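Student: Could you take me through one part of this model in detail? I would like a close look at the salt bridges and the residues around them.

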Amino acid sequence: METYGKIILIAMPAFLLLVLFEKWYGWYRGKETVRTLDMISSLSSGITNVTKDVLGLSLVVISYEWMVNQLAITQVSSGFLTYLIAFIALDFAGYWIHRIAHEYNIFWNNHIIHHSSEDFNLACALRQSISSIIKIFTVFLLPAAILGVPSQVIAIVAPLHLFAQFWYHTQHIGKMGFLENIIVTPSHHRVHHAINKEYMDKNYGQIFIIWDKLFGTYQEELANVPAVYGITRPVRTWNPIKINFMHLWLLIKDAWHAKNWKDKLRIWFMPTGWRPDDVAKKFPVYKIEDVYHFEKYDSGHTKTMMIWSWIQLAITLLFISYLFGNIAAIGSPNMFIYGAFVFLQVYAFTELMDRSKHAWIWETFKTIFGLAILIQSNDWFGLSQYTSLAIPVLTGYFILSLMGCFYFVIKENPEKLEIRNKE
């Protein structure tokens, strides 16, 4: 937990700089692929995901270490070959986990966040799930367990395998020659993120494209079929926490409304998007039919709203940097209280980005929660030992943040701006 937090603390600035560089590069080349609010939403999603992972908020049904102890037929010594086997085993497991997430209703909820952006860029790579609380697919690491690859090796290789999937989320790199036959490239992954009928449910590979070619899910990017990104049932929100549970909520409602008990049970394990006929007729859900003619989500924003969103994101990054850098000292249960605050912080400012008239409620909850922590402990998780300004600065931030939220809800709400623009 502490080690992973330190790794993320190092990786975060690198990812952020690359995301910002891509936005600048797109502007410079006249090919803009990054919308600012979408990017902030993606970065906010990354914040919630790494917070959840660092706090260890997941339950593993079958641990890899248990499989090694029970099933290993040999033991391999730590070395290059062991790490290579671990990397390939993780990639094989990743292919099947990824494919299952796309093909079954119940598992799509864990992956919908990653495809929710209607753009394709480095930022959307950071849209990762917080809803996968129970991990049941460690079984796909069975080949590595049988070969006796130590769990410590898997623990080292897993973050590297994950980080190696970041770079190919871009539209600025074309096809890459012979590498197209070996590794997953931006071209392959553009296909995977597309909602064109020619591209749907293809290219599940994470590092090696060989699995898709081997198991029949490969599709080349076609010059005459420009990729259109997103999901066919658009999420219509910048709030990553909402997105994470949107599909699950739809399944719960559909199961409740279905008249047939068989449908109530099988909806969870049917192909992604399946709904009982009676429910689909009575409770229709908007679905994109023509991928070339639909409006991308845009909540509308002013220059001040854009600046405010950047400020809130920057402050949130400072909050989690302090958490990850001091997690051992913060300890339990305080680190979970801190994590809850981070989630509330993200929820509050992304609701405001959505121009929700209820955003002030969440901002009020956040302010009360933050001030309660300061009052109860007369500190902010030990921050006062570094600076005597901790309490007054944070108190000022919470008050100004609440006032700012009320300003945007009351003075810059969409209805008033529309009337003002007409005048």
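**Salt bridges and a buried threonine**

Tutor: Happy to! Both Lys366 and Glu363 are buried, and their side chains meet in a salt bridge, with 2.8 Å from N to O. This is a predicted model, so please read every distance here as computed from it. Lys366 and Glu363 share helix H17 (residues 359-377), where 3 residues, about one turn of the helix, separate them.

A search of the whole structure gives 13 salt bridges. One of the pairs is Arg35 with Asp119, whose closest N and O atoms are 2.9 Å apart. This pair links distant parts of the chain, 84 residues apart: Arg35 sits in the loop between helix H1 (2-29) and helix H2 (36-54), and Asp119 in the loop between helix H6 (112-115) and strand S2 (134-135).

Another salt bridge joins Glu351 and Lys242, with 2.8 Å between the closest N and O atoms. Here too the pair links distant parts of the chain: Glu351 lies in helix H16 (residues 334-353) and Lys242 in helix H11 (residues 240-257), 109 residues apart. Glu351 counts as buried because its relative accessibility is 4%, while Lys242, at a relative accessible area of 34%, is partly exposed.

Thr350 is buried, with a relative accessible area of 0%. Which residues does Thr350 touch, leaving aside those up to four places away in sequence? They are Ser44, Trp238, Asn239 and Pro240. For Trp238, the C-alpha atoms of the two residues are 5.9 Å apart in space, although Thr350 and Trp238 are 112 residues apart in sequence.

Key: Residues numbered from 1 in each chain as written. Predicted model: local features only at pLDDT ≥ 70, side-chain atom pairs only at ≥ 80, totals over all residues. Heavy atoms only, no water. Salt bridge = Lys/Arg side-chain N within 4 Å of Asp/Glu carboxyl O. Helix = DSSP H or I, 4+ residues; strand = E, 2+ residues; numbered from the N terminus. Buried < 20%, exposed > 50% of the residue type's maximum accessible area, 1.4 Å probe, protein only. Contact = heavy atoms within 4.5 Å.
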